[in-house]
Amino acid sequence: MLNLTKSPKNLSGFQYLVQGCRLITRPGIKRFVLLPLLANILLLGGSFWWLYQQLENWIPSILNKVPDWMQWLSYIVWPLAVISVLLIFTYLFSTIANFIAAPFNGLLAEKLEADLTGTSAPDTGVKELVKDVPRILKRELVKLLYYIPRALVLLLLYFIPVIGQTVAPVLWFIFSAWMLSIQYCDYPFDNHKVSFPTMRSALRQNKMNNLQFGALVSILTMIPIVNLVIMPIAVCAATAMWVDRYRDQHGFRIIK
């Protein structure tokens with residue numbers, strides 16, 4: 001049986017994401033992938049279908065905010081505007097999907113960690129899962145409260161001419177990458193009752209690799225079809241990262 005505690009502890013975000021693609025098909029794990037996958041398909045699939053219908057109306061409106069003397073930059077601003085809209089809605093709908101699927105994502109991370117480390121996973125039945133839902137959703141609210149004020153500041157930048165069409169999309173992409181890294185890495189941390197501030201501090205120690213992981217998830221979430229399966233892949237990848245980098249230091253408590 002593969003045990004990721006023996007693997008290198010400095011893998012890149014890309015390598016962990018590749019591992020996640022393999023881990024979702026692991027025997028004994030596949031059944032825990034189904035519910036997060038279904039939630040993602042229904043919500044993210046439907047929301048992106050609606051979003052793509054609206055882009056042709058929204059993009060001209062954004063471009064109209066560019067001053068006349070900057071029109072020569074339209075060939076740069078146009079793709080940035082498209083990327084900006086996609087990034088904002090990608091994280092918005094991903095957040096909603098993760099909020100709904102959080103109990104199942106936590107369960108997937110729990111079972112996968114046990115499988116990777118060769119330990120016994122708790123026998124989590126429906127009753128135990130339902131009992132743990134309020135705590136899990138409270139943790140999702142903590143992440144949301146961390147996200148909202150920072151997102152609002154970045155959104156305000158979009159209303160500043162030139163900056164809103166050039167600098168803001170870059171800052172939003174970096175912020176989205178960081179938030180997606182937090183979102184998915186938090187599942188195994190939360191399973192061990194590691195506090196949210198402690199989890200953020202731990203992720204900052206490998207900030208560039210975690211930003212790379214979050215950036216790749218963000219990009220893949222914007223790709224049709226791929227975005228339907230990215231949630232369980234990212235959960236598995238983040239769990240593998242937890243086992244390699246953080247479990248020895250922070251996994252001192254029994255899962256749930």
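Is Tyr147 buried or exposed? With a relative accessible area of 12%, Tyr147 is buried. The close-ups below start from this residue and then visit other parts of what is a predicted model.

**View A. Tyr147 and Phe175 form a stacked aromatic pair.** A pair of aromatic rings is described by the distance of the centres and the angle of the planes. Here the values are 5.6 Å centre to centre and 10° between the planes. Tyr147 belongs to helix 4 and Phe175 to helix 5, 28 residues apart, so the pair links distant parts of the chain.

**View B. Two lysines sit over aromatic rings.** The charged end of Lys143 is placed over the ring of Tyr187, 4.9 Å from the ring's centre. Lys207 lies over the face of Trp178, and here the distance to the ring centre is 5.1 Å.

**View D. A nonpolar patch lies on the surface.** Its members are Ile160, Ile163, Val167 and Leu171, which together have about 280 Å² of accessible area. You will find Ile160 in the loop between helix 4 (126-157) and helix 5 (163-191). This residue, Ile160, is partly exposed, with a relative accessible area of 36%.

Conventions: Residues are numbered from 1 along each chain as its sequence is written. This is a predicted model: local features need pLDDT of at least 70, side-chain atom pairs count only at pLDDT 80 or more; totals for chains, interfaces and linings use all residues. Side-chain values use heavy atoms; hydrogens and water are left out. Patches are made of residues with over 30% relative accessible area and no salt bridge: like charges are joined within 9 Å, nonpolar side chains (Val, Leu, Ile, Met, Phe, Trp, Tyr) within 5 Å. Accessible areas come from the Shrake-Rupley method with a 1.4 Å probe; for residues, only the protein chains shown count as cover. A salt bridge is a side-chain nitrogen of Lys or Arg within 4 Å of a carboxyl oxygen of Asp or Glu. Helices (H or I, at least four residues) and strands (E, at least two) are DSSP runs, numbered from the N terminus. Buried means under 20% relative accessible area, exposed over 50%, partly exposed in between (1.4 Å probe, protein chains only). Rings of Phe, Tyr and Trp (its six-membered ring) pair if their centres lie within 6.5 Å; planes under 30 degrees apart count as stacked, over 60 as edge-to-face and the rest as tilted. A charge sits over a ring if NZ of Lys or CZ of Arg is within 6 Å of the ring centre and within 35 degrees of the ring normal.
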